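Here are a few exercises to work through with the model open beside you. Try each task before you read its solution.

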Amino acid sequence: MENEEEAALSSSPNPLDVDPALQKKHQSMLDRLTDRHQTRLGSSLTRRSAESDSSSSPSFESTSTFLSRFSNSKSSIESQLAQCRLGLSDSTQVKPQLDQISSSISDLEKLVAENSYFLPSYEVRSSLKTISDLRQSLEILSSELLPKKKFAFKNKPTRKDPIFESKEQEEEKKPEKPGFRVPQSPGFWNKKGELLVHKFKGSELGEFTIADLDSCEVRLTGSVRALFVHRLRNCRVYTGPVTGSVLIDGVEGCVFIMASHQIRIHNAKRSDFYLRVRSRPIIEDSCGVRFAPYCLSYQGIEDELREASLDEETENWSNVDDFLWLRAVQSPNWSVLPEDERVGLVDISSSEES
């Protein structure tokens, strides 16, 4: 219709040479075409504005855009590792540089967590494997540049702490899988039947480890960048927001109440997880694990959750990925915890750091 009107306009005589009725019809046709062009122009501008707003959004909403950002960050971290290995001779510069690299790796973990809801499963697996490799490279580099001091007596045999000696012997007999190596970060180690409390203050700690606990209750308030949980039996672990990722490995008969951007669970048995998580929780080599929504309370937790971008419930606690279950049906290794079996709101406001 529009093309016919335009053709009519181009072939019509000069309006001054025709009668007023034809001139009025000619002007009406011209007005309609003008309105159509303005409408199309307005739609085009609106579309461009929407595209501009979308491109400036911090959410990547595109696998190709995410992979480009991920690749650039990975290359930057690898470059930092190489520079640290070759270019730092002043020992006072080593630790700050290693801390910076650790922070960059945590930021990369956060990037994966924030965008995993639209990424294909194999891209998530590949990204997590890359992050594990980078962290392992950092740990190896740290052990090379920051060796532990060893004390010995010339005339007496070296005496080892029986706790650490048994730990070393166990690690020698049963080496850990790559990607699940426990970092030597501050934390709670080798405890039994104790109440363990710690409050993170500001940027005091980037990483915290809970390892080799039996029948303990752990209460962590405040925010921490990364949390590692390893070899726990019959324990209860309550944590405030983790701004990066939580890695849980080798737990049995435990209860966890956690909020984090990303949570990976490996080799867990008969344990319950009350979670608030930005990405889908990941389980591997696990069975009898159950999930429910986050239910922790203490003074100031709402502000901490908001600062960590964990104040909104995403319902991801029930969208669990079992990486070793490839069938289309529900994995038998995990389930939603029945409401009548869930704990109520757990308030740890009265906790005092030990």
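## Exercise 1: cysteines

With a disulfide taken as a pair of cysteine sulfur atoms within 2.5 Å, the count for this chain comes to 0 disulfides. The model is predicted: local features need pLDDT of at least 70, side-chain atom pairs count only at pLDDT 80 or more, and totals for chains, interfaces and linings use all residues. Residues are numbered from 1 along each chain as its sequence is written, and side-chain values use heavy atoms, with hydrogens and water left out.

Solution. Finally, look at accessibility, where buried means under 20% relative accessible area, exposed over 50%, and partly exposed in between (1.4 Å probe, protein chains only). Cys-216 is buried at 3%, and Cys-254 is buried at 2%.

## Exercise 2: strand pairing

Task: work out which strands pair with S10, and in what sense.

Solution. Strands (E, at least two residues) and helices (H or I, at least four) are DSSP runs numbered from the N terminus; two strands pair if DSSP finds at least two bridges between them. Begin with S8 (residues 272-277), which pairs with S10 (residues 289-293) in the parallel sense over 4 bridges. To locate this pairing, pick Tyr-274, whose bridge partner in S10 is Ala-292. Then turn to S13 (residues 334-336), which runs parallel to S10 and is joined to it by 3 bridges. Here Val-289 stands opposite Trp-334 of S13.

## Exercise 3: nonpolar cores

Task: describe the largest nonpolar core.

Solution. A nonpolar core is a set of buried Ala, Val, Leu, Ile, Met, Phe, Trp, Tyr and Cys residues joined through side-chain atoms within 4.5 Å. The largest one has 34 residues, and Ile-210, Leu-232 and Phe-291 are among those with the most contacts inside it. Elements that give this core two or more residues include S3 (207-214), S8 and S10. Next, take Ile-210: leaving out residues up to four places away in sequence, its contacts (heavy atoms within 4.5 Å) include Phe-188, Val-218 and Leu-232. Lastly, a separate core of 21 residues includes Phe-66, Leu-81, Leu-98 and Ile-282.
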